Amino acid sequence: MPLETVVSFHGGLSGFQASPAMKNTKVLVCHGESDSFVPQADVDNFHQQMKDNNITYQFKSYADATHAFTNKASTATGEKFNLPISYNEVADKASWKDMKAFFKTYFPTKK
């Protein structure tokens, strides 16, 4: 489906394939730098796919942030099920701020 603007928080990038249909889509990816569910090869593939297809995007990587870094319940869930996930308040707030700035760029409000 052709979308104009997309934001991803701690999304999976496995097997990502960009397409010419994404040419006019603006993309922001908010990624946990310590997300063990998303290997560096997937991150590298994402960047290459976007570059090869000339798609406008921003990729924000947050230090010490794992998968589910915006979910306040993820630390307890990770501990309960022995998963490498945890809440990261700094990354949560930074990614939210980045999303709002991204939206402001593409959806300016009228005064």
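The side chains of Lys93 and Glu89 meet in a salt bridge, with 2.9 Å from N to O; the term stands for a side-chain nitrogen of Lys or Arg within 4 Å of a carboxyl oxygen of Asp or Glu. A search of the whole structure turns up one such bridge. Side chains of opposite charge can pair when their charged atoms come close. Because Lys93 and Glu89 are four residues apart in helix H3 (residues 89-106), about one helical turn separates them. Lys93 counts as exposed, at 55% relative accessibility, and Glu89 as partly exposed, at 42%. Here buried means under 20% relative accessible area, exposed over 50%, and partly exposed in between (1.4 Å probe, protein chains only).

This is a predicted model, in which local features need pLDDT of at least 70 and side-chain atom pairs count only at pLDDT 80 or more, while totals for chains, interfaces and linings use all residues. Residues are numbered from 1 along each chain as its sequence is written, and side-chain values use heavy atoms, with hydrogens and water left out.

Turning to the overall layout, the chain has three helices and three strands, which follow the pattern β-β-α-β-α-α along the sequence. These elements are DSSP runs numbered from the N terminus (helices H or I, at least four residues; strands E, at least two). The C-alpha atoms fill a box of roughly 40 × 40 × 25 Å along the principal axes. Of the 111 residues of the chain, 33% count as buried.

The largest pocket holds about 200 Å³ of space. Of the 14 residues that line this pocket, Leu3, Val6, Met22, Thr25 and Val27 are the closest to its centre. A pocket is found on a 1 Å grid over the protein atoms alone, as an open set of points where a 1.4 Å probe fits, with protein on both sides within 12 Å along at least five of seven lines; lining residues have an atom within 4 Å of a point. Grid points are joined across faces, edges and corners, and the volume is the space filled by probe spheres set on them. Strand E2 (26-32) and helix H1 (40-52) each supply at least two residues of the lining. By class, the lining has 12 nonpolar, two polar and no charged residues; Ala, Val, Leu, Ile, Met, Phe, Trp, Tyr, Cys and Pro count as nonpolar, Asp, Glu, Lys and Arg as charged, and the others, Gly among them, as polar. Val27 lies in strand E2 and is buried, with a relative accessible area of 8%.

On the surface, Phe37, Phe81 and Leu83 form a nonpolar patch with about 300 Å² of accessible area together. Patches are made of residues with over 30% relative accessible area and no salt bridge, nonpolar side chains (Val, Leu, Ile, Met, Phe, Trp, Tyr) being joined within 5 Å and like charges within 9 Å. Areas come from the Shrake-Rupley method with a 1.4 Å probe, and for residues only the protein chains shown count as cover. Phe81 belongs to helix H2 (residues 74-81) and counts as exposed, at 52% relative accessibility.

The loop between strand E3 (57-62) and H2 includes Asp64, whose phi is near 60°, a positive value in a residue other than glycine. Ala68 lies in the loop between E3 and H2, and its phi, near 70°, is positive in a residue other than glycine. Asp64 is exposed, with a relative accessible area of 63%, whereas Ala68 is buried, at 11%.
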